[in-house]
Amino acid sequence: MGSYGVVEEASGGGRHDHLCWAYEDRAALAGQVVGFLSEGLAAGQRVCYAAADATDPIARRLREIDGFTEAEERGAASVVPADSVYEPDTVIDPYEQVRIYAALTDAALAAGLAGLRVAADATALVRTPAQVDAFARCEHLIDRYMVDRPYAALCAYDRAALTDFTVAQLVCMHPLANTDVGLFRLHACPPADGAAALAGELDMTTEVLFPLALDRADLRPTAGRLVFDARELRFIDYHSVLDVADYARRRDATAVLRTSSRGASHLADLLGVDSVIVESAG
Amino acid sequence: MRSGVAAGHRGYFHEAVLYRSEQDLLDVAVPFLRGGVEAGEPTIVALGDGNAALVRDAMPEAVPALSFLGGDVYARPATAIKSYRRLLADHVAAGARQIRIIGEVPPTALGSTWDWWARYESAINYAYDDYPVWSMCAYDAMNTRGAVLDDVIRTHPRTATPDGHVANDRYTPPPRFLGERRPVEVDPIQLQPPALALTDPSPGAARRAIHDLDPGLAPDDLDGLLIAVSEVVTNGLRHGRPPVRVRYWAAPDRIVVTVHDGGSGPTDPFAGLLPAASGGGGLGLWLSHQLCNHVALDHSGDGFRVRLTAGNPHTPR
């Protein structure tokens, strides 16, 4: 599994994977959660499933995994109701959520485990625009935390219960997803590579989503430069170049797009925007 | 104070030179250039290699005072406008009271891509009018087809001859000239069925089709076409009238894409050649004019069609 893209299987990744799973039916999701958490168990991670509700059949499926019940008994696995992790109908505090998962990861390491791996059905937490906004912000903060910490997560969302636009707002904040809805991704990257990574395609179909994602990522410049690792950015239109320029300007920074795309370079030259420079990523 | 016949004129003094022989050209060009040098005005030669050499040989003593621009300035109309406006602004900022330029578009511009150069010749009456510039656009009257010469007369307010400067009574102001339906030559590959046709594609789908058809174009040409197709399809979907039909043709040396919608196209007559001040899709069309090797606009009775060519647009006549 790579660092960015569309995946067909939730398993097969690494210790830092951050996946978005927009599911059509829960039976299909069950197989993915089972695969994802089984892999964590095998890797010695503490695994946790936050179930949608008390009737969630995925909990039963998990307990059929060899060693899962034994792992539950020794504290290496758990199934919890989602509302014990997230207060339903409230708007989460993104920073507090990250502190909680960081503490849980530290606790798993302190217990001699190899880290933490969580699968959660967060559909109930993104019913209102305010909830979506907070959750999308949280997704990016978590993504940043996961870059170099042994924490992996699968965030499941029920497509039937959410609008396509809501799903797209969440998918675009994940490096990995089971769908290409939204077309682009804004995700964390190692600090040495930049403030964030941009991947996919940016055009009129992302014109609402992209500025939202940038605002939610709330990126901070370093020494006046806001560097985007855009090696996986396949296309950017001029509106999006201007969005990046505006975003950087509001942060008193120059945006740097590190990309191998000559198109981005042509556009920056032709538009003559001085708050965006394009550097060749080779 | 401006020197010469443009003295007292405000803005752009735009003349055509329809020469019938090398001597004919020199009889107009040499006094024009010499006058600029003597008046201490920035004096620029943007002729092709042959005519530039002719000028050098005819007035060797003045050559050090002349600026010779390479032929690249006329690579594309929108690029030429941008380059010249920057050059003119720099000279004015440096205190120039008049800038003199004699130039000629390359011979290839007089063929299948003339329609966008005709639009250029018209649009610059407006685009350079912010500056005290006196320019002469040279055309070989013996070897240029009549339709081109007709457009030249209609886009230049005056003609310079060895005998003097005459007003062109057929001069047509830019909004009217640019608002007319321009004849666009059919690229011969358009006589074949398109390799691909899409209706109301997303910009992404319209771009992906180009990757599928790429015959191995130069990377800059391909990247430019990807941006242009994306922008023009976006304009069609956003500002046009459905359906938006996109057709693709590919030959070993080029890709031709047409984007048609049922609307009337941009209302700005300068669309494509100058960046739009606001909205309406003008910026995307302006970028396309700088990234493709030819862009033709066709306001036909059944809607608005943009034809984009990447690679070699100079098809035999």
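Helices (H or I, at least four residues) and strands (E, at least two) are DSSP runs numbered from the N terminus. The model is predicted, and local features need pLDDT of at least 70, side-chain atom pairs count only at pLDDT 80 or more, and totals for chains, interfaces and linings use all residues. Residues are numbered from 1 along each chain as its sequence is written, while chains are lettered from A and ligands numbered from 1 in the order in which they are written.

Helix α7 of chain A includes A:Asp164. This residue is exposed, with 11 other C-beta atoms within 10 Å; the scheme calls a residue buried if 20 or more other C-beta atoms, placed from the backbone, lie within 10 Å of its own, exposed if 12 or fewer, and partly exposed in between. A separation of 8.1 Å is found between the C-alpha atoms of A:Asp164 and A:Val181, which are 17 residues apart along the chain.

In chain A, seven strands form an open sheet with parallel pairing, in the order β1-β7-β2-β6-β5-β3-β4. At its edges stand β1 (5–6) and β4 (77–81) of chain A, each with a single partner strand, so one side of each is left without a neighbour in the sheet. Two strands pair if DSSP finds at least two bridges between them. Strand β3 (residues 46–51) of chain A is joined to β4(A) by five bridges, and the two run parallel; within this pair, A:Ala50 has A:Val80 as its bridge partner.

As a whole, chain A has 10 helices and 12 strands. Its C-alpha atoms fill a box of roughly 60 × 40 × 30 Å along the principal axes. For 282 residues, a compact globule would have a radius of gyration near 19 Å, and chain A agrees, with 19 Å; the radius is taken over C-alpha atoms, and the globule rule is 2.2 Å times the number of residues to the power 0.38. Of the 282 residues in chain A, 54% are buried.

In chain B, strand β6 (residues 158–161) pairs in the parallel sense with strand β1 (residues 13–19) over two bridges. The pairing of β6(B) with strand β7 (residues 164–167) of chain B is antiparallel, over four bridges, and these two strands form a hairpin with two residues between them. B:Thr159 is the bridge partner of B:Ala16 and also of B:Val166.

The two chains meet in a contact that takes 13 residues from chain A and 19 residues from chain B, two residues being in contact if their C-beta atoms, placed from the backbone, lie within 7 Å. Helix α10 (residues 262–271) gives the most to the chain A side, with five residues. The axes of α10(A) and helix α8 (residues 219–239) of chain B come within 9 Å and cross at roughly 70°. The two helices are therefore roughly perpendicular to each other, a label for angles of 65 to 115 degrees, with those under 35 roughly parallel, those over 145 roughly antiparallel and the rest oblique. Here A:Arg262, A:Gly263, A:His266 and A:Leu267 meet residues of α8(B), among them B:Asp220, B:Asp223 and B:Leu226.

Key
Axes fitted to C-alpha atoms, helices over the stretch in contact; angles between N-to-C directions.
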